[in-house]
Amino acid sequence: MSSQALNQSLPLTESAPDLNAFWMPFTANRSFKDKPRMIDSADGFYYTSSDERKILDSLSGLWTSGAGHCHPKIVEAVQKQVAKLDYAVSFQVGHPGAFELAEKVTNMAPEGFDHCFFTNSGSESVETALKIALGFHHAKGNTSRTRLVGREKGYHGVNFGGISVGGLPANRKMFSGSLLPNTHHIPHTHNLEHNAFSKGQPQWGAHLADELERIVTLEDASNIAAVIVEPVAGSAGVLVPPVNYLRKLREICDRHGILLIFDEVITAFGRVGSAFASQRFDVIPDIITTAKGLTNGVIPMGAVLVRKEIHEAFMQGPEFAAEIFHGYTYSGHPVAAAAGIATLDVYQEEGLFERARENEKTFEDALHSFNGVENVIDIRNFGLMGAIELAPREGAPGVRGFAIHTKCFEEGLLVRNGMDTLVFSPFLAFTEELFEKTFDIFKSVLKKIN
Ligand code: PXG
């Protein structure tokens with residue numbers, strides 16, 4: 001393109017961009033473009049909208065930014081790295097940052113998780129984990145173990161493996177003819193009759209893990225590779241595992257030689273008051289997927305952590321050959337690795353996982369103060385994950401939740417709605433004052449929106 005042509009294609013002023021070309025993900029594009037909600041900048045716990053209003057972020061990005069937006073230490077690390085080594089391939093060549101980050105992450109992980117594979121997102125972490133599970137059994141000579149088990153209402157990203165084991169009908173519907181074969185689903189644990197308004201882990205529901213045993217009986221253990229679940233389901237609207245449920249899943253997997261994958265894309269890095277939810281629940285899987293909080297959302301990056309035995313199973317064959325035919329152009333990207341290293345340092349230096357634990361009670365009390373408010377049919381919480389579920393309007397599911405989201409934005413609060421469930425994921429070091437502010441705005445909006 002000539003420089004003249006280039007100039008003609010650039011806007012002459014900093015006026016608002018045309019909104020047409022960007023096909024926004026998971027967004028009502030037409031209604032957004034009719035009435036945009038634009039964010040210009042971020043600092044700490046706030047966004048600033050393009051009409052220069054401060055918007056308190058009750059979701060820490062999209063469960064990504066627990067350490068706060070534009071954290072100076074992470075910003076500096078990224079700036080320095082991008083000027084020093086902007087990109088380096090990780091295939092047959094390495095750079096120190098990726099190794100340093102892998103060591104740091106595995107040091108925070110449950111004992112025995114000694115290896116980490118880098119991806120660029122949660123979705124890629126899930127695909128990678130499923131492939132590692134299949135590859136593990138293959139390497140062990142158990143080539144019939146190819147079936148994968150997920151859970152209803154599970155969210156494991158948007159790629160084909162992830163939506164196949166995932167259990168959110170809307171995410172599967174349009175693609176249902178082309179999902180992976182040989183997948184099964186255990187039931188979800190959402191039950192208003194038994195568990196509504198539980199604080200923390202519900203007492204009812206551990207028996208639902210036994211459904212895995214039923215699948216094993218039906219399909220035979222020798223055909224099943226892995227089970228994947230979120231320790232606390234996030235996207236489905238914070239579904240907290242019933243007491244003993246995860247332990248039962250672990251026991252059934254152990255009994256039958258099935259790998260257990262915890263999808264910790266949301267739950268890792270302080271969201272439930274520990275580095276990994278596995279540690280908080282004291283149930284240790286075989287493979288852990290992460291993303292989001294790994295870099296505080298600053299640069300896209302994910303990681304899959306595996307137990308030593310799984311890694312060892314791949315380290316066979318001639319030494320000149322790659323052990324797994326899998327990887328991404330940006331696996332272990334130097335700028336992402338720098339963001340990750342700085343982020344993990346910030347978590348530690350600022351004691352953010354401990355701060356998250358200290359904040360749990362304030363958060364729980366604030367959420368459950370909505371018990372009894374009109375239209376509120378359930379409240380759920382664990383760690384710093386919380387949800388308030390509202391009854392849908394008759395014949396119009398999701399409309400009430402979306403109206404609350406947009407009204408909150410107008411009033412200076414970003415709240416995410418999944419249909420009629422409002423989801424909260426506060427910053428790890430949120431203050432009492434900001435919890436109060438969040439829920440004051442939310443309360444006033446609830447009064448205005450029927
Ligand atoms: N697994 C889990 C458990 C997730 O929560 C992914 C995988 C996919 O990650 P990527 O980086 O590919 O988006 C996620 C993502 C919501 C919401 O509304 C949650 C996610 C994504 C979009 C919306 O809660 N989590």
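This is a predicted model: local features need pLDDT of at least 70, side-chain atom pairs count only at pLDDT 80 or more; totals for chains, interfaces and linings use all residues.
**Ground rules.** I number residues from 1 along each chain as its sequence is written.

**Domains.** I looked up the division of the protein chain and found domain 1 (37–67 + 351–449) and domain 2 (72–349), with bounds that come from an automatic or database domain assignment. Taken over C-alpha atoms, the centres of domain 1 and domain 2 are 26 Å apart. To their contact, domain 1 gives 30 residues and domain 2 gives 29 residues, where two residues are in contact if their C-beta atoms, placed from the backbone, lie within 7 Å. On the side of domain 1 that touches domain 2, I noted helix 3 (60–63), helix 15 (352–368), strand 11 (376–382), strand 12 (385–390) and strand 15 (421–424) as the elements that give two or more residues; helices (H or I, at least four residues) and strands (E, at least two) are DSSP runs, numbered from the N terminus. Helix 15 has the largest share of that side, 7 residues. By residue class, that side of domain 1 divides into 13 nonpolar, 11 polar and 6 charged, with Ala, Val, Leu, Ile, Met, Phe, Trp, Tyr, Cys and Pro counted as nonpolar, Asp, Glu, Lys and Arg as charged, and the others, Gly among them, as polar.

**Ligand shell.** I found 17 residues around the ligand, the closest being Ser121, Gly122, Ser123, Gly157 and Val265; a residue is near a molecule if its C-beta atom, placed from the backbone, lies within 6 Å of it. Helix 6 (122–139) and strand 14 (416–418) each supply at least two residues of this shell, and the largest share, 3 residues, comes from helix 6. I recorded 6 nonpolar, 8 polar and 3 charged residues in the shell, which draws at least three residues from each of domain 1 and domain 2.

**Nonpolar core.** The largest nonpolar core has 115 residues, and Leu259 is among those with the most contacts inside it; such a core is a set of buried Ala, Val, Leu, Ile, Met, Phe, Trp, Tyr and Cys residues joined through C-beta atoms within 7 Å. Helix 14 (residues 334–349) gives the most to this core, 10 residues, and at least three residues come from each of domain 1 and domain 2. Leaving out residues up to four places away in sequence, I listed Ala133, Phe136, Ala225, Ala226, Cys253, Asp286 and Ile287 as touching Leu259.

**Ile377.** This residue is found in strand 11. The C-alpha atoms of Ile377 and Leu192 are separated by 8.0 Å, although the two are 185 residues apart along the chain.

I traced 4 strands in the order 1-2-3-13, with mixed pairing, where two strands pair if DSSP finds at least two bridges between them. Strand 1 (39–43) and strand 13 (413–414) are the edge strands, each pairing on one side only. Strand 1 pairs with strand 2 in the antiparallel sense over 4 bridges, and Ile39 stands opposite Ser49 in strand 2. Of the 5 residues of strand 1 the number buried is 0, so strand 1 lies largely in the open.

Note on methods:
A residue is buried if 20 or more other C-beta atoms lie within 10 Å of its own, exposed if 12 or fewer, and partly exposed in between; C-beta atoms are placed from the backbone.
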